[in-house]
Amino acid sequence: MSTIKLSAIKSTTANPPTMQSQNGIERGKFCRGWVAFGRDLGDVNKYEVQSGFNVLAIADTTVGQFTIYFNNAMPTNRFAIAGTASSTNTNIMGVCLNASNTSGVPMTTTSVNIRTTQAGTTDADPNYVCIFAYADA
Amino acid sequence: MISSSSTLVVSNVSTVGLGTTRPPMFTNVDDQNVGHLASAWITFTNTASPNAVYASFNCLGFDDIGEGRFKINFTNSLETGANISTSSLYAVSGMGQAGSNRVTLMVDKTNGSTDHTDVIHSNFVAMRCGGSSASAGANQDGNYNSVIVFANPSQGFISPQRTD
């Protein structure tokens, strides 16, 4: 076993370096973007990014609907995201991708639309939302 | 190449001496593990004809096992935990879109058994997509599903944990 001590690893391409086991199989992927956002401490009617990586901003588009903008674009508009949301009350809250119809694409290389839902039936504003994204290459 | 600012410039990093299935560790100056790579992820539709995978890592694809139900198969098995033969007990999460319905992705466990081998397996994970539709709580196929998996490369690999 060997250890190399660094403060950073820099890729020679536009994508992160591949991470392999000793037999040359790629065994993991870096997260390409994540964000935790919630209600602004100074104005609970607004939302602010609490912490994040590669997230430029979030936009509150309407009740229970948000757009997350990435700083550096994803390599494709078919990336994987997952997340959770908490409610401002005791209701169960879910989070899902947001498109108005089955043919709509809920994401671009620089943004993704999500919605936070209450009891699975209506869109509702959340208290705190966590999202993370993984992309090709 | 290592620059004067201690930045390693590479296109690929591979391990030695950690076993054939383990990626590199990421530790801080105190040898605490401070990062972890995703073990697998996938995006796909199961409403198209035929069903299609959009993009993935370490996934062979998925099996459509019913309305709103699917089994994702891994290319390289996720390592199993201590005293567990085939159930990795890894972390899995996802998000879906089924038209304009409000849906949730969840592990497709429909009984109270503490044996999760049928759904959380080193070779696959079984999940379902459900939510509001004509009948509340019904499983439904999603036109965009995404799933992300984190697994322990080995028991003990992640220690010592950060405590701050």
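First, the bookkeeping. Residues are numbered from 1 along each chain as its sequence is written, while chains are lettered from A and ligands numbered from 1 in the order in which they are written. Since this is a predicted model, local features need pLDDT of at least 70 and side-chain atom pairs count only at pLDDT 80 or more, whereas totals for chains, interfaces and linings use all residues.

On confidence, the predictor gives the complex an ipTM of 0.83 and a pTM of 0.85. Please be careful with residues 155-164 of chain B, where the pLDDT is below 50. Where pLDDT is low, the predicted coordinates should not be read in detail.

Now to where the chains meet. Here 47 residues of chain A are in contact with 47 residues of chain B; contact means C-beta atoms, placed from the backbone, within 7 Å. Strands here are DSSP runs of at least two residues, numbered from the N terminus. Among those giving two or more residues to the chain A side are E2 (18-20) and E8 (80-87) of chain A.

Let's stay with E2(A). Three bridges join E2(A) to strand E2 (residues 12-14) of chain B, and the two run parallel; strands pair if DSSP finds at least two bridges between them. Within that pairing, Met19(A) has Val13(B) as its bridge partner. Thr18(A) also sits in strand E2 of chain A. Why does Thr18(A) count as buried? Because Thr18(A) has 20 C-beta neighbours inside 10 Å, and the cut-off for buried is 20 or more other C-beta atoms within 10 Å, again placed from the backbone. Beyond four places in sequence, Thr18(A) is in contact with Glu26(A) and Asn12(B).

Leaving aside neighbours within four places, Val147(B) is in contact with residues including Ala80(A), Trp41(B) and Val92(B).

E9(B) pairs with E13 (residues 144-150) of chain B in the antiparallel sense over seven bridges, with Ala91(B) partnered by Phe150(B).

Note on methods
Helix = DSSP H or I, 4+ residues; strand = E, 2+ residues; numbered from the N terminus. pLDDT = per-residue confidence, 0-100. Contact = placed C-beta atoms within 7 Å. Buried ≥ 20, exposed ≤ 12 C-beta atoms within 10 Å, placed from the backbone.
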